[in-house]
Structures are given as structure tokens and as C-alpha cells.
Amino acid sequence: MPPAFRLLAAAAALALAPLPAFAGKTLDAIKSRGQLACGVSTGVIGFSAADSQGQWKGLDVDVCKAIAAAVLGDPNKVRWVPLSSQQRFTALQSGEVDILSRNTTWSLTRDAGQGLHFAGVTYYDGQGFLVAKKTKVSSAKQLRNAEVCVQSGTTTEKNLADFARAQGIKIKPVVFDKFEASLKAFFSGRCQAYTTDASALAFIRAKEAPNPDDYQVLPELISKEPLGPAVRRGDDEWFAIVKWTVNALIEAEELGITQARVDSLKSSADPSVQRFLGVGEDLGKNLGLDRNWAARAVKAVGNYGEIFNRNLGAESPLKLPRGLNAQWNKGGILYALPLR
């Protein structure tokens, strides 16, 4: 082969070869302090809330535990940082937290305009309304001239204004900085309706209402609310780790890899299962992690289905249906990117 062709062939091979993975400054800092700093809500049952013993639980909490297990080998090496709606983005941008896992909607403005990268969707939600049955309101379109309690600093506030404008009706938002204050105002009769994500409304009605049977969630959803974790821009290596850990939790459910079966499935002949559990191809090296990162994540918190059922579904007080959050091949739209 002429020298020129050999040079071209070598250049082509180099271009096709996988690039070595570097840890990135965020992962280096996490390893140095031995702890993941996770920004969570100040208390939304099912997503992130501290129980009576001070233990944090919820879908968003389990995402952080899975990441801590993947990168530090221990799901308990997490520092929980409760953040209000107004604080959350500043805390992430400033480096106070490494990840924001706090029932936060992925939108263009947040993704492109606030220095964030969303790492995937962990819950497909939509905004709804809660009303007292005594108001005789059965549709959101009947909220003409109504006062509606809403929390500030959220997409909820803007969606409410858009809905009123689109319907040609006047709605007066009654805005509160804190979640607890907005609930207190609604249940005291200050507002005719309360609006937030439908998943949160189910909890509010079941657990916060003086008598749940006196309240109902209206049938309409007025927005799309894809919720997921976010990281700062500027550290592609950390972004990749968070993104692929989220995908791993979803993929594990599709492959039938449960928290209890992680070890026993390492003898599986299925190449996809072998690859996932680090028995076959080593996917960890592309992330700057070892080959067992995904197995540790699932062993710590279970697969997505287990996380959902425990925090939001049949095994939880909320008992929410899977709906859109079912796997893509089981009637939902949950779809993991290929782990290969």
C-alpha cells in the first residue's frame, strides 16, 4: 500500500475509534468530597420529600441515589439540598448542587436560556385544576372570573395565563412564593381553584385536603409537563453520566432487570442483559466509570417500574396509573436510548 494510502487509512481508523472518557470537573469534585449534592423540592410526596424520620423519598430522590450508586458505589452518599421554585436554578448554576432532581419541567427557555442541560424525562405530567365540589365546577372552562391559587416561579403560572387567554376568559391568579402557603389559602377558601401538575394534585387531594371526598381534580390537562433532572452546561462528561443513568433505569425495566435479580441475571445468555450488567461489553469506560455502574444503580433503587410503583403507583399512597409513563411497548411513551 502506498504511504499516502496508509496515512489515510490510519487517519480513518483514528476517526472511527472511540475517544477516551475523561472524568470531568463535576465528577472529580463529587469524588473528592465523597458525596453527590442533589437539589430537591421542599416537600412534594412521590417526588422528593422527607419522612417523619428525616429520610428523603420519592422518584426524584431515587434518581439521585441511583447516580450516587453508579459513580460513588453507595446510594447513601448524597447531600440533600431542599430548594424552592425560585432558588432551584440559581443553586444549580452557582454550583451549590451537582444535579437538580426536583419535579422540574423541561422547556426551551430553561434548556437554552438558563445554562442547563436536561438529562431526560423521568415523568410525563400535565397541569390540571383542583376544586371543591361545592363550587359545582366540572370543567376548567367554567373558571370564568375565578381566583386560582398558584405558586410563583413555575411554568404553572404562565400556563394558567395562556389557558385563560386561549379560552377568552378572565382568571385572576393568586400567587404565593411557597407551596405550603398556597395550599393553606386554597383550603381556607381564598381561591375557587388550585392549579399545579396533575400528579401533585392527586397527592394534595388525598393527603392535604380536610376531606378528600369534598374535592375533585377537573378532567382537563392544559399543558405538557415533561419532568426530569438537569445539570449545568459546560461539563459534557457529567451530563453524559446523568443522562445514561436515567436511560439505564428505564432500560432495566424493559430488559426485566429488577433490584432483586441483578446478581442472578449476570449468568443470562441475553447479550443486552450481559452488556447492561457489565458481564459482556464494558459500557462504563465510555463514561469514565467501571463496567458495573448500571448494575449498581438498579441494585440500589430498582428499575424505573419499581421506582414508579413505590413512589407514585400501586404501592404508594397516590396510586397513580402509569399512563404515558408506561414503557413504549406497553401503551406508554417511555423509551430508553440504546445502551450499547
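This chat looks at the cavities in a predicted model.

User: How many cavities of 30 Å³ or more does a search of the whole structure find?
Analyst: The search finds 2 of them, where a cavity is a set of points, on a 1 Å grid over the protein atoms alone, at which a 1.4 Å probe fits but cannot get out, and a volume is the space filled by probe spheres set on points joined across faces, edges and corners. In this predicted model totals for linings use all residues, while local features need pLDDT of at least 70 and side-chain atom pairs pLDDT 80 or more. Residues are numbered from 1 along each chain, and side-chain values use heavy atoms, without hydrogens and water.

User: What volume does the largest cavity have?
Analyst: Its volume is about 270 Å³, and of the 23 residues that line it, those closest to its centre are Ser85, Asn103, Gln151, Thr154 and Thr196; a lining residue has an atom within 4 Å of a point.

User: Which element gives the most to that lining?
Analyst: β11 does, with 4 residues; strands are DSSP runs (E, at least two residues) and helices are runs of H or I, at least four residues, numbered from the N terminus.

User: And by class, what lines the largest cavity?
Analyst: The lining has 5 nonpolar, 13 polar and 5 charged residues, with Ala, Val, Leu, Ile, Met, Phe, Trp, Tyr, Cys and Pro counted as nonpolar, Asp, Glu, Lys and Arg as charged, and the others, Gly among them, as polar.

User: Now the second largest cavity, what lines that one?
Analyst: Leu59, Val63, Thr122, Val246, Leu249, Ile250, Tyr304 and Ile307 line it, a set of 7 nonpolar, 1 polar and no charged residues, around a volume of about 40 Å³.

Key
1 Å grid on protein atoms, 1.4 Å probe; cavity = no way out; pocket = protein on both sides within 12 Å on 5 of 7 lines; lining within 4 Å.
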